[in-house]
Amino acid sequence: MAEVQTTNQSILVVGGGMSGITSALEAAEAGYDVVLVEKNPYLGGRVTQLYQYFPKLCPPNCGLEINFRRMRQNPKVRFFTMAEVANISGSEGNYDVSIKLLPRYVNDKCTCCGKCSDVCEAEIDNPFNFGMDKIKGAYLPHEFAFPMRYVMDPSIVETEDGKKCLEACEYDAVELDMAETTFDLNVGAIVWAAGWDPYEAEKIDYYGFGEYKNVITNMMMERMASPNGPTGGKILRPSDGKEVKNIAFVQCAGSRDENHLPYCSGVCCLASMKQAIYVREAHPDCAISIFFIDIRALDRLEDFYTKVQEDEKIEFIKSKIANISEDEATGSLLLEGENTRTGEQLRMTFDMAVLATGMVPNKFDIDGAPEVAADEYGFVVNDPEKAGIYGAGCVRRPTDVASSVQDATSSALKAIQSIARR
Ligand SMILES: Cc1cc2nc3c(=O)[nH]c(=O)nc-3n(C[C@H](O)[C@H](O)[C@H](O)COP(=O)(O)OP(=O)(O)OC[C@H]3O[C@@H](n4cnc5c(N)ncnc54)[C@H](O)[C@@H]3O)c2cc1C
Ligand code: SF4
Ligand code: SF4
């Protein structure tokens, strides 16, 4: 069992996305001991899957790398990947927490030589690319992974592939008998920064996601546009690998809808506009139609909307798409709805449709834990009456990275104040 020394002056941060990393670093740089736990085999959260950031269209890895460097240089932050909170008890100023560590089957001697992957025959759906491609059962989660270390999928551990990986590794880094472990912590305050998951597009049955290959989600588009994604950055139709001639972006896919997510996710209009730019850069002849109820661009990012509108090949159509169907012979998609500006019925055919699905908060739901206030949709509300556990970033509201970082900084301060009060 791992032993991690903490006291009731320490802070636990749950979730190693931009928000959790920020809270952890801000608290550590103010002199507090921090333990950060992340359930993925790498830090960075959803941002690692984005190709570029709006509005500047820069790669997210630059910002992440700066934070990883801050983390490497600060012994006050200890982080654990493949780690989740199993249990929390206690109250403000004195929480007992149990952390579960899942086996990675690869230890920190890994040099990323890749030989285990070379000899492994089994392939699994690549979770980083939403299953759009396959990877070997022994794999590096992605090329900028932090920590930079391979992982073995549990499905290969007890197979011939597992043995081959063990034999191929010249650094004694493969540990097939690694098991799940737990360790206990005592901390004074907790920051819940578990982020968000994409809304399950299968639930919007009239858009045919999961049934029609050429209907994808906005997060899948981020991976498709990335040079390290499943198509090497080319925007290709999943059904036949052909270059796309026209694409529909369907806004509010499930959002602002009482049957799905009643709220607005705030960033998916900007995300679609950004993705329209990705497509136009990769395929200058491709025409784009963005179907929207109304465009919501976060405050200063309205300028970005204005810029995108200047592109003649990007058309904005005010309409809530009612149905998508597929021509089985060609894989083309028929979108139907009403143009709410003109009142005309709309029937348009596209090579591909991108659903702008919204963000669902990862709720605070831990065995034995004290209650944390949340709104009707599950977003954490930092209630002064229930001090000690604070939400940070997209668990508090769906938003962009800059606002998540600001919110995470204020949550770190709240955690510090909480400790100071006791
Ligand atoms: C299509 C799309 C495009 C976007 N593009 C942009 C953009 O260009 N620019 C921009 O500013 N914003 C963009 N965003 C928004 C951006 O993704 C969020 O602002 C950002 O992810 C918020 O970071 P976070 O740390 O709060 O959450 P996350 O990124 O979700 O990180 C949360 C972390 O917590 C971990 N976790 C979850 N549950 C647990 C648990 N129980 N225990 C331990 N760990 C856990 C997760 O694995 C994850 O690593 C986009 C969003 C979408 C949907
Ligand atoms: S586990 Fe061993 S073989 Fe696999 S990448 Fe790491 S060092 Fe190389
Ligand atoms: S940001 Fe745009 S697409 Fe997303 S829910 Fe709000 S209005 Fe709809």
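Predicted model: local features only at pLDDT ≥ 70, side-chain atom pairs only at ≥ 80, totals over all residues.
Let me turn to one of the sheets. It is an open sheet of five strands, in the order β3-β2-β1-β11-β22, and the pairing is parallel. Because β3 (77–80) and β22 (389–391) stand at the edges and each has a single partner strand, one side of each is left without a neighbour in the sheet. From one strand to the next the twist averages 20°. At the β3 end, strand β2 (residues 34–37) is joined to β3 by four bridges, the two running parallel, and within that pairing Leu 36 has Phe 79 of β3 as its bridge partner. Packed on this sheet is helix α9, which touches β1 (11–14), β11 (189–192) and β22, and whose direction makes about 165° with that of β11.

Now to strand β20, residues 352–357, which is mostly covered, with six of its six residues buried. Which residues point which way from β20? Met 352, Val 354 and Ala 356 point one way, while Ala 353, Leu 355 and Thr 357 point the other way, and all are buried. As for its partners, strand β13 (residues 215–217) runs parallel to β20 and is joined to it by three bridges, with Thr 217 standing opposite Leu 355. Strand β14 (residues 246–253) also pairs with β20 in the parallel sense, over five bridges, and there Ile 247 has Met 352 as its bridge partner.

That leaves the ligands, and I will start with ligand 1. Of the 38 residues around ligand 1, those that come nearest are Gly 15, Gly 17, Gly 45, Gly 195 and Gly 393. The elements that give two or more residues to this shell are α1 (18–29), α6 (218–225), α7 (268–282) and α9 (401–421). Sorted by class, the shell around ligand 1 has 18 nonpolar, 13 polar and seven charged residues, and at least three residues are drawn from each of domain 1 and domain 3.

Around ligand 3 there are 13 residues, of which Cys 252, Ser 255, Cys 264, Cys 268 and Cys 269 come nearest. By class, the ligand 3 shell divides into six nonpolar, five polar and two charged residues.

Finally, which residues come nearest to ligand 2? Of the 14 residues around ligand 2, they are Cys 110, Cys 113, Cys 116, Cys 169 and Ala 173, and this shell divides into 11 nonpolar, two polar and one charged.

Technical notes: Residues numbered from 1 in each chain as written. Chains lettered and ligands numbered in written order. Near = placed C-beta within 6 Å. Nonpolar A, V, L, I, M, F, W, Y, C, P; charged D, E, K, R; others polar. Domains from an automatic or database assignment. Buried ≥ 20, exposed ≤ 12 C-beta atoms within 10 Å, placed from the backbone. Pairing = 2+ DSSP bridges. Axes fitted to C-alpha atoms, helices over the stretch in contact; angles between N-to-C directions. Contact = placed C-beta atoms within 7 Å.
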